[in-house]
Amino acid sequence: MTIDTKYASPAAVDARRSRALVAGGVGLAACAIGFVVDRDHFFRSWLVAYLLFLGIALGSMGLMMVQHLSGGAWGVFRRVFEASSRTLPLMALLFLPIVLGMTNLYPWAHPDHVQQDDVLRHKAAYLNTGFFLLRALVYFSGWILIAWTMTRWSRRQDEGDMSVNLRLQYLSGGGLVFYALAATFASIDWIMSINPHWYSTLFGFLFVGGQGLSALAFTIVVSTYLVKHEPMAGVLKPHHFQDLGKLSLAFVMLWAYFNFSQFMLVYAANLVEEVPYFLARINHGWQYVALVLVVFHFAVPFSLLLSRDTKRTPHRLVWVALALLVMRYIDLYLQISPEFASTGENLHLLDGEHASGFFIHWLDLAAPLAIGGVWSWMFLTQLAQRPVMALSDPYLREALESSGGH
């Protein structure tokens, strides 16, 4: 029996792929209807859902690079990280609706509006359509190149070429720098510039930290499924899930720390450029969404993940992970949607309207179904293409022995 056959992904993955594709098709059909009948809401909902699944892909790539640099028992999840990161070409394709909806999403994409706004005229050298598209091309080109180069070298490692080990570490070091810088600028381009009068020096950290948490939560969900089937049923042990749980706890605290720091600094400075962003999110019904995040994105998962038993028990840990994925979507929703009116139009394009009450639209459910279904299909396709164990990983033997695996 060859290694590829012995450690192939479970046969049930094919059935999951089919279901994901069907769900994605249903969601895409609903989104197509939304594009025709309510274009403003379509672009806003698509952006929120898109950033959730892009965060899983990019966060997985970042964690993969950290694992190559640090080693550790959590390297048994490397194939999940690799499969997630190889969905980035699909995410580049799914970015096209955002390009089409630039004038619906971003005030700076309207030349007439720019001429009437002193702040936008000052930022026009950076916030303009051509430079926006060029930066997006650089981001995706770099991310895809890193992800696929690491996958190619990982395949050579599987074939017994140990000379790539050092190259993987060098690429991971430089790749982490590019990933962090590109993700920071992407957060400015795709989220912060929806309200071009607002800025925050901490926002890039929030964006990257949220991606890491999304990736960890998704990896827990996938690994909980894999541990029920061969070949991973005899490999993944409580120790491995405890590692993921501890990392998730760290990222939950990191998310809370960055959010509190950002709020505290804005509150203390009390600057007219910064305060309206938070006023919009603690009034008009949005404060209840913020409270949900405080409780279920931080307080509850923090309390649950303090428990050693929770972290070592997959069927308990997976519920925390699923809840965190939902909270990640709600967090992105709160970052983006208060900048829009209940009609779906950007508030900064509506004269005299500077606040919007809480609203939710049916496309806020259709868009995650569409992107999530198609993305999950691609992820499962990529997962099935490689053995689920990186058997030539230099840290694998130590990882298995430390947890009682064989």
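Trainee: Is Pro 238 buried, exposed or partly exposed?
Mentor: Pro 238 counts as partly exposed, because its relative accessibility is 37%, where buried means under 20% relative accessible area, exposed over 50% and partly exposed in between, with a 1.4 Å probe and protein chains only. Bear in mind that this is a predicted model, in which local features need pLDDT of at least 70 and side-chain atom pairs count only at pLDDT 80 or more, while totals for chains, interfaces and linings use all residues. Residues are numbered from 1 along each chain as its sequence is written, and side-chain values use heavy atoms, with hydrogens and water left out.

Trainee: Which helix is Pro 238 found in, and which residues does Pro 238 touch?
Mentor: Pro 238 belongs to helix H13, residues 238–269, helices being DSSP runs of H or I with at least four residues, strands runs of E with at least two, both numbered from the N terminus. Not counting residues up to four places away in sequence, Pro 238 touches Lys 311 and Arg 312, contact meaning heavy atoms within 4.5 Å. The C-alpha atoms of Pro 238 and Thr 313 are separated by 6.3 Å, although these residues are 75 residues apart along the chain.

Trainee: Stepping back, how many helices and strands are there in the protein?
Mentor: The protein has 19 helices and zero strands, and buried residues make up 55% of its 406 residues.

Trainee: What about the core, which residues touch the most other members?
Mentor: In the largest nonpolar core, which has 123 residues, those are Tyr 50, Leu 51, Met 61, Tyr 106, Trp 143 and Trp 190; such a core is a set of buried Ala, Val, Leu, Ile, Met, Phe, Trp, Tyr and Cys residues joined through side-chain atoms within 4.5 Å. Helix H3 (residues 39–70) gives the largest share of this core, 18 residues.

Trainee: And what does Trp 143 touch?
Mentor: Leaving out residues up to four places away in sequence, the residues that Trp 143 touches include Leu 58, Met 61, Phe 178, Tyr 179 and Trp 190. Among the buried residues of helix H11 (residues 164–190) are Tyr 179, Ala 182 and Trp 190, and the buried residues of H11 pack against H3, helix H10 (129–158) and helix H12 (203–226).
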